[in-house]
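Q: I'm new to this one and would like a close look at a single part. Could you walk me through it?
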Amino acid sequence: MENQENSPAAEIPVQTVEDIFTQRVNKVQELKNEGAKPFGEAFEGAEHVSIIREKFKDDSTEEVSCCAAGRLTAFRVMGKSIFADIRDSSGRMQLYAQKGHLSEEDFAKFKKLDIGDIIGIKGVLFKTRTAEITIKVTDYRLLSKSLRPLPEKWHGLTDVEQRYRQRYLDLIVNDVTRETFKKRFAIIREIRNFLEQKGFIEVETPMLQPIPGGASANPFKTFYEALNSPMYMRIAPELYLKRLLVGGFEKVYELNRNFRNEGMSRRHNPEFTMIEIYQAYGDCRTMMALIEELVTTVAMNVLGTLEIKHSEDKIINLSRPWRIAPYNDLIKEKAGNDWFEVSSEERLKRGREMGLKFEGTPPDFEVTHEIYEKLIEQTLIQPTFVTRLPAVLVPLAKKCEDNPSLVDVFELEINGQEVSPGYSELNDPIEQRRRFEEQTGSADAGKIDEDFLTAMEHGMPPAGGMGIGIDRLVMMLTGAESIRDVILFPQLRPKSN
RNA sequence: GAGUUGGUAGCUCAGUCGGUAGAGCAUCGCCCUUUUAAGGCGGUGGUCCCGGGUUCGAAUCCCGGCCAACUCACCA
């Protein structure tokens with residue numbers, strides 16, 4: 001313990017992460033004293049390591065020089081030479097620093113780098129004995145000193161809570177996380193490209209609304225000081241997008257966040273991303289064709305395949321055409337061909353026999369829908385358009401021409417959950433007003449959006465409309481089992497110290 | 001909101017019947033010029049989630065709380 005005077009940082013006994021922090025802060029001070037900049041300036045000219053790797057040619061004797069920047073993720077010191085790994089957004093690259101290729105002083109300083117530091121390097125490519133393309137460092141610069149240790153290199157970071165709360169660590173350490181989010185944002189980009197090519201216009205409508213409408217959900221309430229007026233975070237953009245149909249926009253969509261003041265779960269986050277698409281002069285079938293083409297195009301462009309493997313025995317096949325199954329057919333398939341003829345008592349009895357729980361004497365449609373939600377929906381792994389739903393379930397859509405008790409809509413089910421509802425939109429303002437009044441009569445409804453009704457009274461073209469839950473679409477396309485794995489910063493309860 | 005499971009070093013995890021708190025990695029020191037979970041030798045590192053209780057003695061048993069995951073409810 002005597003020969004430490006040449007290494008001031010070592011004088012701090014390392015005990016806790018706070019001590020590591022203190023020791024690194026001291027290193028920063030040392031560097032500053034030596035005239036170095038531990039939190040350096042711009043470092044232009046670096047290429048992605050994936051590009052650099054391509055430049056190496058086995059048969060060439062010419063030296064290929066290169067320039068890279070990234071975070072140190074591993075450090076293997078072997079006396080007078082050092083192997084290290086850096087990672088940039090394109091991947092990992094091995095570095096080799098050798099006494100002889102660097103000055104005595106530079107080599108000593110390189111040796112003092114820590115895992116987690118961000119550095120810029122210049123060097124030449126070579127292949128190691130084990131045939132790994134590696135950069136021999138000829139010059140380097142510290143760009144940002146890391147003051148805190150990274151998670152362990154082998155097991156990484158597995159604690160789910162910490163992965164969500166400190167997503168940056170998850171992204172540094174876990175390849176799967178990084179890939180999932182790259183895919184997420186590629187999917188969103190491809191959706192926009194697709195709709196652009198189809199002549200749709202992306203629009204923006206209010207997220208801060210005086211009357212939250214377009215869905216039945218509990219809104220987040222807030223207050224706008226300047227107007228001395230309560231406001232709500234939107235639960236859906238629907239009523240504003242329909243105003244645009246009135247205004248003459250024929251093909252519009254909005255891809256952004258909605259907010260619902262409900263519980264969170266594996267499938268729910270209080271803020272979630274949804275796209276709503278409307279096409280004037282179309283209907284529900286227009287939208288079915290559109291979403292089939294949209295999802296398959298996006299899957300091919302992002303994943304290069306229509307087969308998505310979730311597990312050994314669960315492979316989702318997006319090949320077209322997708323199954324179309326009328327709601328009542330699915331019910332009869334599950335609950336008996338005579339289901340809609342038998343008495344209410346008989347239906348309750350059969351429901352209970354199938355393991356469902358009912359209290360009191362629920363109306364027939366509730367018993368039927370319980371069968372759909374609890375027993376059928378989760379079995380619809382392959383893409384299925386569930387069509388012709390009971391009108392009582394969907395109050396804001398057009399009725400089927402041949403049967404007024406059914407509405408002309410679809411619910412697209414993939415991977416056992418609803419990915420997208422689509423509608424032949426109601427454009428009759430008198431009927432719309434009647435249904436709003438029916439709703440506000442019920443317990444949880446809000447105020448009627450008179451401005452929206454006024455808009456529709458000016459004439460809204462018949463239209464097809466649909467929404468796609470982007471988070472769930474990404475789950476389906478990436479094989480994620482939890483919505484938190486496809487949202488960068490999912491909602492968690494704030495943690496007090 | 002209810003039920004189940006969990007929370008131990010910076011990270012990944014052990015911890016027996018209630019009897020001095022453990023390992024690997026990271027970190028620190030020494031050795032090492034083709035390693036890649038580098039290797040060898042030697043160290044440091046703990047509010048055992050928080051607060052009570054039982055006990056001679058609690059990471060361990062009991063009660064309460066916090067946070068998370070899963071299931072359910074609401075919802076997309």
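A: Let's start with some ground rules. This is a predicted model, where local features need pLDDT of at least 70 and side-chain atom pairs count only at pLDDT 80 or more, while totals for chains, interfaces and linings use all residues. Residues are numbered from 1 along each chain as its sequence is written, chains are lettered from A and ligands numbered from 1 in the order in which they are written, and side-chain values use heavy atoms, with hydrogens and water left out.

Now to your residue: Tyr96 is buried, its relative accessible area being 11% (buried is under 20%, exposed over 50%, partly exposed in between, with a 1.4 Å probe and protein chains only). The structure has 8 aromatic pairs, meaning Phe, Tyr or Trp rings (six-membered ring for Trp) with centres within 6.5 Å; planes under 30 degrees apart are stacked, over 60 edge-to-face, the rest tilted. One of them joins Tyr96 and Phe126, tilted, with 5.6 Å between centres and 55° between planes. Tyr96 sits in strand β3 (residues 91–98) and Phe126 in strand β4 (residues 118–127), so this pair ties together parts 30 residues apart in sequence. Strands here are DSSP runs of E, at least two residues, and helices runs of H or I, at least four, numbered from the N terminus.

Phe126 is buried too, at 19%. Lys136 lies over the face of Phe126, 4.9 Å from the ring centre; that label needs NZ of Lys or CZ of Arg within 6 Å of the centre and within 35 degrees of the ring normal.
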